[in-house]
Amino acid sequence: MRLSFLSTGTEAGVPVYGCDCPACSRARFDRSARRRPGGCLQVEAGPARLLVGGCPGLPGERRVPDGRLDAILLPDWRPGRLSGLHALRWGVGAPIPLFGPAPPADLDLVREPGLLRPLTLEPLQPLRLGPIGILALPLTGSPEYGYALEHGESRIVWLPGAPRLAGPALQALSRWVPDLLITGADWEEGVPAAADGGPWSRLSALRVALGARRTLITHVSHQLDRWRMGRMDGIPADVEFVRDGQRESSEALDLTPVAGVERENAV
Ligand SMILES: [Zn+2]
């Protein structure tokens, strides 16, 4: 699978309008430090192309990259995830399915879907889109979904907002070792105080439970970027923060099975 991180910020993005904190000030002159709103990930495998996390965007701003799109996987139906998709309704060609939890009936996209097809995906119900196997993952304390994606020997787990997975999801993935754990860092505490407490501990516990080989952090707020600036300690060594435009290829990863863990199709 080929991954492109199209946006890696929270819904506010970085820089945040009106904010003069060091992270936002830096992002105003350093384009590489900017984060577009929302966590939108493009996944390609063979001829298939998906967007995971919706497509946040400002009105009139083009967010969906050119080319055919086979499906969009949504953790929820919040307007912020859909704002970049509205122009697609007037597109031409094959309909584009939008998968996620049951969409609200009063949603603009449900009333007037145009080319888009809002569809309900049941949690842990396997779905196949071309060569990509998909499993919607229920999260603890949230109606949102995460997603497990599989193509050949490549496997990723993508989680919105924060590293949390409901028990049934962990059970379904108990023998399914992801190469990449990609998770939001929308910590409820705002900014983590220390590496050995709170959100980092939960992230580390989840990474160990899944057996993920790499952990990538996306959906980063300006507070978290500010906290990271100049910091040499407090960030676990096995955690990587992604940037807008970053590309990854799971084919290039070391796919040697983790010792003592059986690899078996769960998707
Ligand atoms: Zn700021």
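Trainee: How many strands form the open sheet, and in what order?
Mentor: Seven strands, in the order 7-8-9-10-11-12-13, with mixed pairing. Keep in mind that this is a predicted model.

Trainee: Which strands stand at the edges?
Mentor: Strand 7 (127–129) and strand 13 (239–241). Each has a single partner strand, so one side of each is left without a neighbour in the sheet.

Trainee: And what does the twist average from one strand to the next?
Mentor: From strand to strand, the average is 25°.

Trainee: Which helix packs on the sheet?
Mentor: Helix 5 (residues 199–210) does, touching strand 10 (154–159), strand 11 (180–184), strand 12 (214–218) and strand 13. The helix direction makes about 150° with that of strand 11.

Trainee: Back to strand 7: do strand 7 and strand 8 pair in the parallel or antiparallel sense?
Mentor: Antiparallel, over three bridges, with strand 8 covering residues 132–139. Within this pair, Leu127 stands opposite Ile134 of strand 8.

Trainee: Switching to the metal, what are the protein donors of the zinc ion?
Mentor: Cys19, Cys21 and Cys24 each give SG, and His222 gives ND1. These donors lie 2.1 to 2.3 Å from the zinc ion. The site is tetrahedral, with angles of 103 to 117° among the four donor atoms.

Trainee: What spacing do the donors follow along the chain?
Mentor: C-x1-C-x2-C-x197-H. Take Cys21 and His222: the pair links distant parts of the chain, 201 residues apart. Cys21 sits in the loop between strand 1 (2–8) and helix 1 (22–29), while His222 belongs to helix 6 (residues 222–228).

Trainee: Are Cys21 and His222 buried or exposed?
Mentor: Cys21 and His222 are both buried.

Key: Residues are numbered from 1 along each chain as its sequence is written. This is a predicted model: local features need pLDDT of at least 70, side-chain atom pairs count only at pLDDT 80 or more; totals for chains, interfaces and linings use all residues. Side-chain values use heavy atoms; hydrogens and water are left out. Donors are N, O and S atoms within 2.8 Å of the metal (3.2 Å for Na, K and Ca); water is not among the atoms, so sites may look incomplete. Four donors count as tetrahedral if all angles lie between 85 and 135 degrees; four count as square planar and six as octahedral if opposite donors are over 155 degrees apart and all others between 65 and 115; anything else is irregular. Helices (H or I, at least four residues) and strands (E, at least two) are DSSP runs, numbered from the N terminus. Buried means under 20% relative accessible area, exposed over 50%, partly exposed in between (1.4 Å probe, protein chains only). Two strands pair if DSSP finds at least two bridges between them. Axes are lines fitted to C-alpha atoms, for helices over the stretch in contact, and angles run from 0 to 180 degrees between N-to-C directions. Contact means heavy atoms within 4.5 Å.
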